[in-house]
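Please consult the sequence and the model alongside the text.

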Amino acid sequence: MAKSTDNNQEVSTIISDSNQSTMNEDEEAIHFRKVIGAFLYYRTSARNRVRRAFYSYGRLPEAHKRLVPKYESYLSQLLKCIDQNDSLIRQMLTGCEHLFNNYSMPSSCNDTNHKSTPPPSGVTSMDMDKVKTTIKQFVRDWSTDGEQERLVCYAPIIEEDKKRFPIIPTTNEDGSINNFSSTQILVPGAGLGRLSWEFARLGYACQGNEVSLYMLIASHFVLNRCSHINAHTIHPWILNFCNNLSNEDQLRSAQFPDVNTASLPSNSRFSMSAGDFLQVYNEPNDWDCVTTCFFIDTAHNIVEYVERLWKILKSGGVWINFEFSVLHITMVEQLKFIVEQLKRPPFNRNHYNILTFDNLTNNQLLQVLTDVFAVVDPYDPSHKIDIRDEEPEKTAARHMNTLKMLGYRPKLDTDVNTFRQDLVSGGKNVVFPILQWLLEKLPEHKERAYLGRYLSKIDVPTEFLSDAEIAEQYDRYDELMEEFKEVHREFKDLTSTPHTIDDLRRDIKQLEDEKETLEKRLERQKTRVQKVPAAQIELAKNYRKEVEKEEKLNTMKHDLNNVINQLEQKTQRLERQVADQRSSSVDQSPDGIMKRMEEENQVNSYLVTEKFPKELNQMKMKLRYYEEVATNKALGQTELANYRAKISELNSVINKFHEKRVLAKDPTADNLAVFRQQALIVARRKEQSAERLTQLRAENDALEKQFGRTLPMGHSGSSSVAKGSSHVPEGEEFQRYVNMLRSKSNAYKRKRQEINDMTAELQLLKRTEELLKEEVEQIKSRMSMEERKHGIEGYFSTQERLEELSTLKMEQDELKGKTLDEITALIKTLNGRISSKKAELDPILKEVKPLRAKVQELRNEYEAKKSKYDALNANFESSRSTLESEVRGFYEEQYAQESRFHTLKAQMLINAVLLKRANDETSSYISADKATKSYREQLNKQISSTEARIKANREKQKVTKDVQIDGTRQLKYWRDLLRMMELKRKLATGEL
């Protein structure tokens, strides 16, 4: 690394590694001259662009020019800005020939005539774009206008580096403070070197690397030849003729540099390296930190860049990268996470690293995915297999089913067929995200796989559920599934809640108390029962049995009614289907059926191949728009108004282009216009018919659901019935079917008899219940009479009420005791935690006290220095504003003087031409040579000839006037004669 040890020396030394360059010296010289030629051709290229604007403006009609009277002055200002940029470029190129092997500069570099020249040999429009980009890079890296962008891009990198490699000041032998760090930082893709310069300013040893000669020449200028703040002015936007709100935006200037680049300390360690990153940097363990900003996106092979970064970094080194990426996790981070997880138990794949795992074949990746599935679902033996022994389709189906059970969802923009094909082939773009998703939440996926074995519901067709036995088994299946969920939930609660010995003792004590309470209640009930007669107890016992028996009978009756209703509905449905099939087949020939099926097939083909894909694409586009709207920030009214204005402008432009196209297009030349119109009408009618068909089918489905039947015309319900009814059992199958019907018939008869018996018994039990109720009422009335006789009326009811109240009081006392115990345990736990936290915080508080005092001292020192800085800054700003106003006045005066100078110069040229013409006239008039006549003689001759022509014309005019007068009289005489002759004719004919 080259270092600068003197303030007068260049701060940044350009290093060119000729050994690692891919071009020979001749090619390097040619490339260097091409870059210099592109810089020198900037003025000509830019002025040509403005000249085209002048030419286009000159061809406008005068009426249109009056609408934009200031356009020429605006273009003249652009020319001035171009000249200023060209002056800066030539200033930048001066002295850069020593940068690379002492190449000679073109002779035009110092030429100030600014003649229009053709582009140098080899310079293309792409090279000119690079020149424009370099000019704009000054704004981003070295002007106050680019400060916000640098805060977004560079500040996070610098802060992260300061956090990982803090600079600790040390004292030198002479007592001076050393604020330099031994940390070596490399900045590939350094551009104009601002980020590298900032690291050097902080005290780090930094080297920037750049491959573009355009950037290297510009960075050399700004780092070594700009010793004052805002010493240069540049107009970076003058060739941007679009996306400008006003002309001032295009003419806007920027000053650079915003800092004094020569202010680095004399012993700072800062340099720049020229060359390709992969070719220049090969030494292993050479750098402590590598920082990249918008550099990785220039790589043709990102993995190669990462390998080289890993190689050149020291042990414990750090790579800090700043990029804007649409991915949340880069491919390298994804690979690193997968490899780290596979190295852990239960996988123990310690032989994997990023490179070896990335180089696995597709089959090996599918085998890794199968092994991960085997860990996630250890109860499924199908995953414990070598995929080489399994067909690819089966492997893909097994993987798809497992992912479906685990709930994996690909990205929204992923096509299902493409995803399946990539999964079959083992594509990295599909396997890597699946592995990352599985390994991120492995315990959760294990639990989901375990539950999926028992909670994956079986889809049973509706026709089978009409069978009572199948429906009963399916209901039982649902009940067991719900019971499993409940048991699993309780198990999770028990395993997640830790139980201590105190909790167990408390539970045992609570159970013992409940046991004592129940024993007491049981004793009281025994004493009460002993007073009741045995006959009454026997009656109550029989009554309870009858009630239970009645409930069972009601349940059985309800179940049988449900079965009967289901069978009746099934019978009615089958009868309707048979009737529909018969009615639909009446007057139908095979040709008619085939024709109808072909028409339906054509309609379905159109829907599948044209209508549905178009609707799907429209929905995807809407979904994409909705996602963009959801991800972008909310727009204000001003932004919405701007967007609406832009949309209206674009619509007007589109309409104009359409009108031009219609006007330019000859309708008679298009022989297919009629057919296109007919095809458009047919397509529109087809779409309308398809929409109508879709609506009718939806209505048909709704009617089917409403009436519980399937309509005819070849729908799915009728076809399935037809297929089901076409099978006729034979032989042993028919015998088994008959035996099953017999057993069911016998069971039905037996159940029917039991129902009759239960019905008779139910009537008997109802009568018994009524009698027992009457006896209970009689006993209560007798007991009340006895109580009145003995003067203790209401004793029995009061005794029952007191027992209920005592029971409630005991339950409340038990609940209070339990709550108090819980509160006491919680208070003890909190006190223990508080004491432990206090013990942990005591040493920290002791360390914090002196730090607080030091912070207070630093804060006071900071406030004092800040006030001092604010005062100096205010003075500086005031003096700067004064100087700026003076400089602005000088610039205005300079422009006024230049304008006056050009005006006077043009007037001088006009006067010189007039003077030359006057001298020529005098010399020719005085000359004795009469061969060459003077302008005076020529003009006098023309005047005399013109006067003679005027005199002759006046004579002709006089003669013509006399002739005109005679002709007028003759016309009058002829009209009178004609009028007289007309009157004679009328008199002769008797018309008058």
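**Salt bridges and strand pairing**

At 36% relative accessibility, E884 counts as partly exposed, a class between buried (under 20% relative accessible area) and exposed (over 50%), with a 1.4 Å probe and protein chains only. The model is predicted: local features need pLDDT of at least 70 and side-chain atom pairs pLDDT 80 or more, while totals for chains, interfaces and linings use all residues. Residues are numbered from 1 along each chain as its sequence is written, and side-chain values use heavy atoms, leaving out hydrogens and water.

Salt bridges

- R880 forms a salt bridge with E884, with the closest N and O atoms 3.6 Å apart; the term denotes a side-chain nitrogen of Lys or Arg within 4 Å of a carboxyl oxygen of Asp or Glu.
- Both R880 and E884 lie in helix α28 (residues 795-926), four residues apart; helices (H or I, at least four residues) and strands (E, at least two) are DSSP runs numbered from the N terminus.
- D258 forms a salt bridge with R194, at 2.9 Å between the closest N and O atoms.
- D258 lies in the loop between β7 (254-256) and β8 (270-274) and R194 in helix α7, so the pair ties together parts 64 residues apart in sequence.
- Both D258 and R194 are buried.

Strand β4

- Four of the five residues of β4 (residues 184-188) are buried.
- β4 pairs in the parallel sense with β5 (residues 205-210) over five bridges, pairing requiring at least two DSSP bridges between the strands.
- β4 also pairs in the parallel sense with β9 (residues 287-293), over two bridges, and I185 stands opposite C289.
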